[in-house]
Amino acid sequence: MSTKKFTGRSAGFSDLKTVKQRIGNKSTATVYRWTRSHLLPAPVKTGPNSVAWRNAELDEWEADPEVWRINYTLKQVENSLRNKGAHYLADQITSDPESLIALAEEAMQGGYQEDGAALAELAS
């Protein structure tokens with residue numbers, strides 16, 4: 001069985017070297033720091049000792065990093081609320097700031113402080 005090392009940009013994925021080039025020749029440490037801080041899309045595991053980034057996510061990020069971050073956070077909060085059984089709140093998530101403020105307050109009153117705080121931060 002032969003294994004072929006993935007390099008560059010192919011099959012919808014980019015390797016670390018390509019990602020570093022795409023984001024302005026930043027260091028490896030910066031790529032992973034931005035990933036942990038949700039300022040850059042996270043990589044996916046492509047093998048036992050390798051990861052790659054989805055090109056579609058990187059394309060969205062390159063188009064507008066702030067919009068990508070907001071959309072990412074909204075998806076995270078929605079998934080969190082659904083996992084906690086708060087589907088009625090998750091169904092109301094929108095990118096409208098005024099609606100987010102009201103939803104954040106409702107989430108906090110319902111006992112979902114962390115999710116409510118994330119929504120309130122996005123609304124500000």
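The crossing of H4 and H7 is left-handed.

Reader: Before we dig in, what kind of model is this?

Author: It's a predicted model, where local features need pLDDT of at least 70, side-chain atom pairs count only at pLDDT 80 or more, and totals for chains, interfaces and linings use all residues. Residues are numbered from 1 along each chain as its sequence is written, and side-chain values use heavy atoms, leaving out hydrogens and water.

Reader: Okay, how do I read a helix pair?

Author: Two packed helices are described by the angle between their axes and the distance between the axes. Axes here are lines fitted to C-alpha atoms, for helices over the stretch in contact, with angles from 0 to 180 degrees between N-to-C directions. Helices are DSSP runs (H or I, at least four residues), as are strands (E, at least two), numbered from the N terminus.

Reader: So at what angle do the axes of H4 and H7 cross?

Author: At roughly 160°, with the axes coming within 10 Å. H4 and H7 are therefore roughly antiparallel (angles over 145 degrees; under 35 is roughly parallel, 65 to 115 roughly perpendicular, the rest oblique). Left-handed means that the near helix is turned anticlockwise from the far one by less than a right angle.

Reader: And which residues of H6 meet H7?

Author: Pro97, Leu100, Ile101, Leu103, Ala104, Ala107 and Met108 do, where meeting means contact (heavy atoms within 4.5 Å). The axes of H6 (residues 97-109) and H7 (residues 113-123) come within 8 Å.

Reader: Which residues have the most contacts inside the largest nonpolar core?

Author: Leu74, Leu81, Leu89, Ile93, Leu100, Tyr112 and Leu119, in a core of 15 residues. A core is a set of buried Ala, Val, Leu, Ile, Met, Phe, Trp, Tyr and Cys residues joined through side-chain atoms within 4.5 Å. H6 gives the largest share, four residues.

Reader: Is asparagine 25 buried or exposed?

Author: Exposed, at 63% relative accessible area (over 50%; buried is under 20%, partly exposed in between, with a 1.4 Å probe and protein chains only). Histidine 38 also has a positive phi, about 60°, and is partly exposed at 34%.
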